[in-house]
Amino acid sequence: MQPHLKKAFTLLAIIIIAFIFVRSIAVPDSFGEYGWYRGDSVNELRNQPVEHAGSQACSDVDCHKTLYSIWSESRHKTVNCETCHGPAEKHVSNVRIMPEPANDSRDFCGLCHYKRVARPGEFPQIDPVTHGENLRCAYCHNPHKPWFV
Amino acid sequence: MESLVWGYVYPNEAEIQWSILIVLYPYITGLVAGAFIASSLYHVFGNKEIKPVARFALLTALAFLCVAMLPLLAHLGNPLRGIEIMFTPHLTSAMSGFGYIFSFYFIVVVLEVWLAFRVDIVKTALNSRGWKELLYSALALFSYDISEKALEADEKLGKKLAIIGIPSAAFLHGYVGFIFGGIKANPWWSTPLMPIIFLMSAIVSGIALLILLYLIVIKIKKYPLNYNTLYSLAHYLWIFLIVDVVLELLEIISMKYEALEEIEIIEHLLAEKIAFTFYGIQLTMGALIPFILLLLVGVMKNRDKLKVVMVTISSVFIVIGVFAMRWNVVIGGQEISKSLAGTLTYEPVFFGQEGVLLAIIILILPLIILRVITYILPPWKDMIEENEEAVVSSE
């Protein structure tokens, strides 16, 4: 082979080897251990602190039993307590730590209830411009027991 | 927002995800494949009439190849992540396959450009001083052998590369078609014809672009125009245009004749959503008018000035028409809902990460790169030399 072609192919080989080298550094060691992802991420995720306690945790006799029983029979029973009230694991394990105040902004309720063409027609939806004079939704509607105005 | 939606659509479809940048991606890749195949008309099939633009076509392919990935990286949001499909490729990922085909093709094109220009590079390296000598010596890999034996070896390798190059150019662009054609959830995309349609329109757009760039170079540099080259390119353009349009129409006709359950939404798409870009730009402006003009160019004798104008108009129309074809595929396919019972509307934004402005910049970038490459590796002498020969022989 001509020397200049030899050089060209050597250069090409160097580039390919460099790619393989960079790849071996960049790809995490545990990649592919269980599947097409970094195996270590399973442990990392498992070790993350628990933030949510689940709605059941609120139903204790000494806690929010009444509110829980109202909510659990309402149409909002599919919306968990922590959806609006925020993560409550700390509060459950120590009642002195209060959770963040519930999110009662119009836009938050609107995530489900603003009018969208793709939603089923019978689902309660409002036009935020014409409905409710920009008041907070909870001013008229009880979020624990809709439709209880 | 409601006016943008018709019928029943799923909630997660409300926003069209693949924007104008994803229209650009097959468009630019197509220009690469087309320009490369135009150059191989001389390098492989030995069509002497193409010789004046053969090396220029190679450089055009290289310049567009440099930016072919940019629309995808910009669309990705985090461009550094792009390399990960190369690092950990999955066999079921069509995109990671594209990454490897793209890289392979890039190597083939760079090697071919290097071989085509090696004599010039070595001569410039030997005849210059200072940084210029260093640059060209580096490009020559510090080997200055341009003896006959060395050139023979170059030519042999060049032939081999070109023979690998054509299938890989075809594969590169056919693959882009496959990425769309392989999506079974979308009736507007899911057809085995898609790769071959993409490939044919790629060749058409690449040759049209080459004609335009050739005419611009002739205008700027004030070179005499080589009519044989121009007509030869126009002839190939015409042939590939016919194949391309026939395939595109075949697809629509078989869809309509089969009339599967998706036909209603596709007819709605064609009639309401992309009627102008499909019937108006893609078929009439991008195919019918150039077809007639190029046919006339082939039939007419003399009247060279008029023929040049006709070839120019056809090329401009085809370049726009193929862009419309990409638009109709990428945007059109997303404007029908997966429910097959509703449509959505894509509203391009001007600024921003997925904006029209960025698309324009990405589309202009290869022209700037081409200017830089042709400054380093001027292919102009082919255009003059050949022409003089042609003039002499005609006398």
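At what angle do helix 8 of chain B and helix 12 of chain B pack, and how far apart are their axes? In this predicted model, helix 8 (residues 194–221) and helix 12 (residues 304–335) of chain B pack at an angle of about 140°, with 9 Å between their axes. Because angles over 145 degrees would count as roughly antiparallel, this angle makes helix 8 of chain B oblique to helix 12 of chain B.

**The helix pair in chain B**
- The crossing that helix 8 of chain B makes with helix 12 of chain B is left-handed.
- On the side of helix 8 of chain B, the residues that make the contact include B:S201, B:V204, B:S205 and B:A208, while on the side of helix 12 of chain B they include B:V311, B:T312, B:S315 and B:V316.
- Sorted by class, the residues of this contact between helix 8 and helix 12 of chain B comprise twelve nonpolar and four polar residues, with no charged ones.

**Where the two chains meet**
- Between the chains, 16 residues of chain A are in contact with 18 residues of chain B.
- The side of chain A that touches chain B has eleven nonpolar, two polar and three charged residues.

**Domains of chain A**
- The domain assignment divides out domain 1 (3–46) and domain 2 (55–139) in chain A.
- Taken over C-alpha atoms, the centres of domain 1 and domain 2 of chain A are separated by 48 Å.

**Confidence of the prediction**
- Chain B has an average pLDDT of 90, and 97% of its residues score at least 70.
- For the complex, the predictor gives an ipTM of 0.83 together with a pTM of 0.85.

Notes: Residues numbered from 1 in each chain as written. Chains lettered and ligands numbered in written order. Predicted model: local features only at pLDDT ≥ 70, side-chain atom pairs only at ≥ 80, totals over all residues. Axes fitted to C-alpha atoms, helices over the stretch in contact; angles between N-to-C directions. Helix = DSSP H or I, 4+ residues; strand = E, 2+ residues; numbered from the N terminus. Parallel < 35°, antiparallel > 145°, perpendicular 65-115°, else oblique. Left-handed = near helix turned anticlockwise from the far one by under 90°. Contact = placed C-beta atoms within 7 Å. Nonpolar A, V, L, I, M, F, W, Y, C, P; charged D, E, K, R; others polar. Domains from an automatic or database assignment. pLDDT = per-residue confidence, 0-100.
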